[in-house]
Amino acid sequence: MVGEDVVRISGVLPPIPTPFADDEINLKALRLNVKKWMATRVRGVVVLGSNGEAPLLDDDESVAVIEATREQVPSDRLCIAGTGRETTKGVVEATRRAAEVGVDAVLVRTPSFFKKLLTPDALTTHYVAVADASPVPVLLYNFTALTGVTLGVDVVSVLSEHPNIIGMKESGSDLKMVSALVDQTPEEFVIMAGSAPVFYPSLVVGASGGILALASVVPDLCVELYELTCAGRSEEARQLQRRISPLASLVTSIYGVPGLKAALSLLGFDVGPPRPPLCPVSSDAVNAIRKSLERLEI
């Protein structure tokens, strides 16, 4: 378990895609892509989140991706790795291996296969066991739209008292939920928004930053929105939120990971196709994404 000198997580972090070529991980492309993100103003990166196609990689592949990413992320920036698995034992082992290659923290999505059996008590026991065993800080992760499982406010409130559970990513767009999470957890417990279309209002109700797929595509615009909000420049922040929301929807709720990869390919990133069984988006989708990028003058 970590000590009390843990860096506070805040600002904007893109959950970066995993590049593939011929259904194999392309580590060379990954390193080059991370260098590009490190040339922007993001606080760091999240590797092997949902947008990194984490469930489609085996454990050895996951370690290789995390290690290659960490190599390109300077020590003054954050490298956070997704280590969610279906079993508590699996999360503990994945977290241990991620810590060995130097991550600053881990992001642990809820297990989801046995949804009806994942009671508040079961989820609490799971996360406490992970946090007790983890050599690095733990971030909780709600992505109900994908998992069908939600860490409720009451559960998060209990878990937030654990010294090695330092925050949470909430990927839903329910601002009442975001606000309640902020209000019912300690001040030092960070809530990171996971939905770019509601990034600005999430910051207004107390989120500490965002882990946003959109930040992989337009990192500096996302950082600008964060900084405008922190500076109290509300009208400028609202206008910027309106500008980026259409693209955010295209690369998240509408087209998902394949749409995100299409957008990055248009911008010159080497991300390859999504890993099967996921399929690339259609040419019509690519055109819609291209037009949205052009409207942002990207």
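What I am showing is a predicted model, in which local features need pLDDT of at least 70 and side-chain atom pairs count only at pLDDT 80 or more, while totals for chains, interfaces and linings use all residues. Residues are numbered from 1 along each chain as its sequence is written, and side-chain values use heavy atoms, with hydrogens and water left out.

Let me stay with β9 for a moment. Strand β9 and strand β10, residues 190-193, pair in the parallel sense over 4 bridges, where pairing requires that DSSP finds at least two bridges between two strands. With β8, strand β9 pairs in the parallel sense over 5 bridges, and on that side it is Y141 that stands opposite K169. Of the 6 residues in β9, 6 are buried, and the strand is mostly covered; buried means under 20% relative accessible area, exposed means over 50%, and partly exposed lies in between, with a 1.4 Å probe and protein chains only. Helix α7, residues 175-183, lies across β8, β9 and β10, and runs at about 170 degrees to β9. For that angle, axes are lines fitted to C-alpha atoms, for helices over the stretch in contact, and the values run from 0 to 180 degrees between N-to-C directions.

Now to the sheet as a whole. It is an open sheet of 9 strands with parallel pairing, and the order is β1-β11-β10-β9-β8-β7-β6-β5-β2. The edges are taken by β1, residues 11-13, and β2, residues 15-16, and each has a single partner strand, so one side of each is left without a neighbour in the sheet.

Within that order, I would like to look at G44, which lies in strand β5, residues 44-47. Is G44 buried or exposed? It is buried, with a relative accessible area of 0%. Leaving aside residues up to four places away in sequence, G44 touches V12, L13, P14, M38, R77 and L78, a contact being heavy atoms within 4.5 Å. G44 and D76 are 32 residues apart in sequence, yet their C-alpha atoms are 8.7 Å apart in space.

Next, the empty space. Rolling a probe the size of a water molecule over the atoms shows where empty space is left. On a 1 Å grid over the protein atoms alone, a cavity is a set of points where a 1.4 Å probe fits but cannot get out, whereas a pocket is an open set with protein on both sides within 12 Å along at least five of seven lines, and lining residues have an atom within 4 Å of a point. Grid points are joined across faces, edges and corners, and a volume is the space filled by probe spheres set on the points.

The largest pocket holds about 960 Å³ of space. Its lining has 37 residues, and S50, N51, F143, A145 and L146 lie nearest its centre. Two or more lining residues come from each of α5 (144-147), β9 (165-170), α11 (234-254) and α12 (256-266), with α5 giving the most, at 4 residues. The lining divides into 16 nonpolar, 15 polar and 6 charged residues, where Ala, Val, Leu, Ile, Met, Phe, Trp, Tyr, Cys and Pro count as nonpolar, Asp, Glu, Lys and Arg as charged, and the others, Gly among them, as polar. In helix α5 we also find T147, which counts as buried at 7% relative accessibility and touches T110, S112 and K115, not counting residues up to four places away in sequence.

As for α12, 9 of its 11 residues are buried, so the helix is largely enclosed by the rest of the structure. What covers those buried residues includes β3, α1, α9, α11 and α13. Just after α12, G268 takes a positive phi of about 95 degrees.

Finally, the structure holds 2 cavities of 30 Å³ or more. The largest cavity contains about 70 Å³ of space, and α2 (59-72) and α3 (88-100) are the elements that give two or more residues to its lining. The second largest cavity has a volume of about 50 Å³, and among the residues lining it are S50 and Y141.
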